[in-house]
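Please keep the sequence and the structure in view while reading.

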Amino acid sequence: MSDVPAGRPRVWPHFSSPLRSTALTARLGRVVGICFSICFVTGMLSHYQYHPWSWLPEPSAPLWGYRITQGLHVATGTILIPLLLVKLWSVYPNLFRWPPAKSAKHAIERLSVAVLVASALVELTTGFFNALNWYPWPWSFVPVHRFLAYVVVGSILLHIAVKLPDIKYGLKAKVADGDVLTEVPWEDNPHSSSNNDEKPPPPPTPEGISRRGVLTATGIGVGVIVLTSVGQTVTPLEPIGLLAIRQSKKGPAHVPVNRTADQAGVRKLAVAPDWQLRVRGPQPFALTLADIEQLTAHEASFPITCVEGWSVGAEWRGMKLIDIVRRAGGDVDSHIRLVSLEPHGSFNQSVIFGPQLSEALLATHLNGTRIDIDHGYPLRLIAPNRAGVLNTKWLKTVEVL
Ligand SMILES: Nc1nc2c(c(=O)[nH]1)N[C@H]1C(S)=C(S)[C@@H](COP(=O)(O)O)O[C@H]1N2
Ligand SMILES: [Mo]
């Protein structure tokens, strides 16, 4: 910090940590890029679950598919927060360069970096809050999350294209342990697209942590986050699940509850003695709970998988949805709408078709006991490889569309 070169410092304040280097940044960037790719692809798969094309129905196998893809989505999104912060730390002196841009083209590039950083930070933090089931903002999460995903990915691709020379150079260079001289520092990188004319002072000899140490510390931090959050999917890790707020032991029948009957305002309707399942279609009919219990019971072990990242395996018993669809005059090619007793909200109905329809149960029992009111008593939908949000609870009607 003491040996600021004569004249105006190109970087203000004058940063000189020897820990920063193109090699380090490129390696961090590679991990960030891989995580964002996984997060984006799994996010798109999740989006597809919500809005499948009618000619390409969501498969029903593997039945734990959404557990894996959504678990990966939330896990990569969560670890991207520290990864992105470390990546930003490794380059942030560049944000203070003076003058801020060398040319109009350069100004546009810098602006795209600003868009990238801002959109990525908003995307990741709001996603993280969502996984913690906390929605402190007034806008609707899903469309904003999806829109920002395109902005983030678009600006990442642009950033990679612009920085390709730096990336190539940085990945070839060694992250030399403590030895800053085996490494061309960022400022001095002859291949750098953001190279400057003046030479920076040689960085001081490092004391304490090395560059490799930075990578190791980042890796440990990421590991801790993974271990304390995957408990929401990997049940044996639940006891250390600090970030896994949805835990099976907290719910009836050892299954977490997304929204309780009281939160949904359905308790009265759900326990009403005259409850009936109304089936609409070419041959409409209605079933009481006693009628339903007399039908052949089917059992299935389907996980319940929330878009917020938690999932648990569960044993269900009930009737096959396709059986009552057939009785109402539909078949395996029908599209079926299931409507909840829940009066409001976007989760109070869902549409099912294709392989998931053939496998789906209307469940009366969960893990060996009558389904709890918070899990959807008297009757709820459950299907394999299906986003939790689409497994409608407290059913009122089944409609052959
Ligand atoms: N009617 C209705 N069904 C619903 C919901 C809801 O809020 N209302 N939440 C959904 C969500 S987001 C999930 S993850 C699952 C959770 O089921 P569980 O609460 O029984 O675990 O139910 C789904 N079914
Ligand atoms: Mo959910």
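The sections below treat the overall fold, the helices, the ligand site, selected residues and backbone features.

## Overall architecture

The structure is a predicted model. The protein contains ten helices and twelve strands. Of its 401 residues, 48% are buried.

Helix α2 covers residues 65-91. With 27 residues at 1.5 Å a residue, helix α2 should span 39 Å, and the 38 Å between its end C-alpha atoms therefore agrees with expectation. Within α2, a kink of about 35 degrees is found at Leu 80, shortly before the proline Pro 82. Helix α2 is mostly covered, with 21 of its 27 residues buried.

Helix α3 comprises the 28 residues 104-131. From its first C-alpha to its last, α3 reaches 40 Å, close to the 40 Å expected at 1.5 Å a residue. After α3 comes Asn 133, which has a positive phi near 60 degrees.

## The ligand site

Which residues come nearest to ligand 1? There are 19 residues around the ligand, and those that come nearest are Pro 256, Glu 342, His 375, Arg 380 and Lys 393. A nitrogen atom of ligand 1 is 3.0 Å from a polar atom in the backbone of Asn 391. The protein covers 100% of the 530 Å² of accessible area that ligand 1 has on its own.

Glu 342, one of the residues that come nearest to ligand 1, is situated in the loop between β7 (336-340) and β8 (349-352). Glu 342 counts as buried because its relative accessibility is 6%, under the 20% cut-off. Apart from residues up to four places away in sequence, Glu 342 touches Arg 259, Ala 264, Val 266, Phe 347, Asn 348 and Trp 394.

Asn 391 lies in the loop between β11 (380-382) and β12 (395-400). Its relative accessibility is 2%, so Asn 391 counts as buried. Leaving aside neighbours within four places in sequence, Asn 391 is in contact with Arg 380, Leu 381, Ile 382, Ala 383 and Arg 386. Asn 391 and Ile 304 are 87 residues apart along the chain, and their C-alpha atoms are separated by 8.4 Å.

Gln 49 belongs to helix α1 (residues 22-50) and, at 4% relative accessibility, counts as buried. Not counting residues up to four places away in sequence, Gln 49 touches Glu 58, Tyr 66, Gln 356, Asn 385, Arg 386, Ala 387 and Leu 390. Arg 386 is also among the contacts of Asn 391.

Gly 223 is placed in helix α5 (residues 211-229) and counts as partly exposed, at 29% relative accessibility. A C-alpha separation of 8.6 Å is found between Gly 223 and Ile 79, which are 144 residues apart along the chain.

## Backbone features

Two cis peptide bonds are described here. One joins Ala 61 and Pro 62, with omega about -10 degrees; Pro 62 sits in the loop between α1 and α2. The other runs from Tyr 377 to Pro 378, with omega near 5 degrees, and Pro 378 lies in the loop between β10 (369-370) and β11.

In the loop between α5 and α6 (261-264) lies Ala 253, which has a positive phi of about 55 degrees although it is not a glycine. His 254 is found in the loop between α5 and α6 as well, and has a positive phi of about 60 degrees. Ala 253 counts as partly exposed at 25% relative accessibility, whereas His 254, at 55%, counts as exposed.

Note on methods:
Residues are numbered from 1 along each chain as its sequence is written. Chains are lettered from A and ligands numbered from 1 in the order in which they are written. This is a predicted model: local features need pLDDT of at least 70, side-chain atom pairs count only at pLDDT 80 or more; totals for chains, interfaces and linings use all residues. Side-chain values use heavy atoms; hydrogens and water are left out. Helices (H or I, at least four residues) and strands (E, at least two) are DSSP runs, numbered from the N terminus. The expected span of a helix is 1.5 Å times one less than its number of residues. The bend at a residue is the angle between axes fitted to the seven residues ending there and the seven starting there. Buried means under 20% relative accessible area, exposed over 50%, partly exposed in between (1.4 Å probe, protein chains only). A residue is near a molecule or strand if one of its heavy atoms lies within 4 Å of it. A polar contact is a pair of N or O atoms within 3.5 Å; within protein, one must be able to donate a hydrogen and the other to accept it, and residues adjacent in sequence count only if both atoms are side-chain atoms. Accessible areas come from the Shrake-Rupley method with a 1.4 Å probe; for residues, only the protein chains shown count as cover. Contact means heavy atoms within 4.5 Å.
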